[in-house]
Amino acid sequence: ALLIAAAAAPAAPAAHNTTHPSLAELYGEDCALVGVMAVDPWGRCLRQLAGLFRTLELQTQKVVEQIQVAKSRRALLPTRPKLSSNAATVATLTETQKDQENNSSSCPEIEKRHVHDLYDAIAPQWDRTRYKGWPRVDEFLLSLESRLSSPIVADLGCGNGKYMGVMKSGVIVGCDISTKLVEICKQKGFEAQTGDALISPYRSNIFDGAISIAVLHHLSTKRRRITALQEVLRVLRPGGQGLVYAWALEQGQIHGDVGARKFPAQDVFVPFHYRVKPGDEKKKASMKGARFEEEKNSVVFQRYCHVYKQGELKQLLLEAAESMFPSKNLESVIRVEDDYYDMSNWCIRFRKLVSS
């Protein structure tokens with residue numbers, strides 16, 4: 001009865017419509033796509049990312065293939081040995097330059113730029129890193145002191161003066177072409193002056209001993225090397241002893257050798273790395289003729305060196321003595337007492353027998 005009454009009752013007035021428009025009403029033909037987005041938005045994002053990754057994978061594969069092709073082509077090209085920043089390079093002189101330098105009494109340009117100017121520029125760091133002398137040079141000086149009362153010794157090419165304080169009772173005077181190194185010697189209280197080892201400021205026949213350590217390999221012509229050796233002979237008194245060290249070509253080939261440098265020729269440029277403080281642009285700019293190496297934060301200078309073959313130093317010394325005393329028998333002029341290898345150098349110890 002209740003159901004019959006409800007069916008017969010008049011319809012209630014329509015309520016206010018608060019529902020939103022359907023997807024079909026809003027988007028028409030795009031209803032299906034929008035429906036998917038509304039139902040599964042994260043799934044669509046994941047599918048889009050998967051597509052991007054697939055595209056990147058294909059592009060990466062193409063790049064790898066191109067790299068492999070480039071490597072295979074490079075393998076067919078001749079390889080070049082890679083030089084480290086510490087490797088020596090050949091110092092070449094034309095025949096005209098050699099003739100001019102051999103016939104000239106003035107200092108060659110290669111020595112001015114790559115020896116004289118270089119040591120003035122690097123003097124502070126050179127002093128910090130070259131403070132200890134070689135034992136056999138010290139022994140030579142101490143042997144003079146043990147045999148003689150207050151011996152007088154000349155250090156021709158004294159550098160930063162690392163041998164000038166070896167003797168306690170003797171006197172060592174030094175000269176060097178580098179004004180900056182001589183200033184360092186004076187700061188240490190040593191008797192030193194700026195001077196050329198080829199024209200030293202000392203009198204003849206007065207010194208009990210004379211040394212030339214690591215100087216001769218910075219001279220670029222045979223004539224200048226002979227002149228430097230004649231200066232060592234000139235300043236020695238009759239009976240005085242000399243000691244000369246010069247870099248060897250055969251470094252690393254002698255048993256027990258500490259040297260490891262390999263030289264492509266006898267005349268070479270050897271890099272010297274001068275460390276500079278970060279941001280010290282003024283210091284970098286002031287060092288002409290050098291290049292700045294960013295990786296090591298250093299200015300790289302090229303030192304000229306002529307490295308000596310075995311027997312070459314002794315032969316030069318005998319030639320120097322012979323040309324200095326042409327009218328005398330060589331055996332009455334000079335006596336070679338030792339010819340040896342030490343600290344990557346060829347070395348010769350000798351005694352002058354006559355007055356200059």
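**Loops, salt bridges and a pocket**

Q: Where does M343 sit?

A: M343 is in the loop between β10 and β11, the latter spanning 345–352. Keep in mind that this is a predicted model.

Q: What about its backbone: what is phi of M343?

A: Phi of M343 is near 50°. That is a positive value in a residue other than glycine.

Q: Is M343 buried or partly exposed?

A: M343 is partly exposed, at 29% relative accessible area.

Q: Which other residue has a positive phi, this one near 60°?

A: That would be A214, again a residue other than glycine. A214 belongs to the loop between β5 and α9. The relative accessible area of A214 is 26%, so A214 counts as partly exposed.

Q: Step back a bit. How many helices and strands are there in the protein?

A: There are 11 helices and 11 strands.

Q: And how much of the protein is buried?

A: Buried residues are 40% of the 356 in the protein.

Q: Of the contacts with a separation of 6 or more, what share comes from residues 24 or more positions apart?

A: Those residues account for 69% of such contacts.

Q: On to charges. How many salt bridges does the whole structure hold?

A: The search finds 13.

Q: Take R136. What does R136 pair with?

A: R136 forms a salt bridge with D338. Their closest N and O atoms are 3.4 Å apart. R136 is in helix α7 (residues 135–147) and D338 is in strand β10 (residues 334–342), so the bridge ties together parts 202 residues apart in sequence.

Q: How accessible are the two ends, R136 and D338?

A: R136 is partly exposed, with a relative accessible area of 32%. D338 is partly exposed too, at 23%.

Q: Next, which residue does D208 bridge to?

A: D208 bridges to R237, with closest N and O atoms 2.5 Å apart. This pair links distant parts of the chain, 29 residues apart: D208 lies in strand β5 (residues 207–213) and R237 in strand β6 (residues 236–247).

Q: Is D208 buried or exposed?

A: D208 is buried, at 14% relative accessibility. R237 is at 25%, so R237 counts as partly exposed.

Q: And which partner does R225 have?

A: R225 forms a salt bridge with D267. The closest N and O atoms of that pair are 3.9 Å apart. Distant parts of the chain are linked here as well: R225 is in helix α9 (residues 222–235), D267 in strand β7 (residues 267–275), 42 residues apart.

Q: What lines the largest pocket?

A: The lining has 45 residues. Nearest the centre lie Y119, W126, A214, H217 and R303. The elements giving two or more residues to the lining are α6 (109–129), β3 (171–176) and β7.

Q: Which element gives the most to the lining?

A: α6 does, with six residues.

Q: How do the lining residues divide by type?

A: There are 20 nonpolar, 15 polar and 10 charged residues in the lining.

Q: Zoom in on Y119. Where does Y119 lie?

A: Y119 lies in helix α6. Y119 is at 9% relative accessibility, so Y119 counts as buried.

Q: What does Y119 touch, leaving out residues up to four places away in sequence?

A: Y119 touches W126, S178, L181, H218 and R303.

Q: How far apart are the C-alpha atoms of Y119 and S178?

A: They are separated by 6.2 Å. Along the chain, Y119 and S178 are 59 residues apart.

Terms used:
Residues are numbered from 1 along each chain as its sequence is written. This is a predicted model: local features need pLDDT of at least 70, side-chain atom pairs count only at pLDDT 80 or more; totals for chains, interfaces and linings use all residues. Side-chain values use heavy atoms; hydrogens and water are left out. A salt bridge is a side-chain nitrogen of Lys or Arg within 4 Å of a carboxyl oxygen of Asp or Glu. Helices (H or I, at least four residues) and strands (E, at least two) are DSSP runs, numbered from the N terminus. Buried means under 20% relative accessible area, exposed over 50%, partly exposed in between (1.4 Å probe, protein chains only). On a 1 Å grid over the protein atoms alone, a cavity is a set of points where a 1.4 Å probe fits but cannot get out, and a pocket is an open set with protein on both sides within 12 Å along at least five of seven lines; lining residues have an atom within 4 Å of a point. Ala, Val, Leu, Ile, Met, Phe, Trp, Tyr, Cys and Pro count as nonpolar, Asp, Glu, Lys and Arg as charged, and the others, Gly among them, as polar. Contact means heavy atoms within 4.5 Å.
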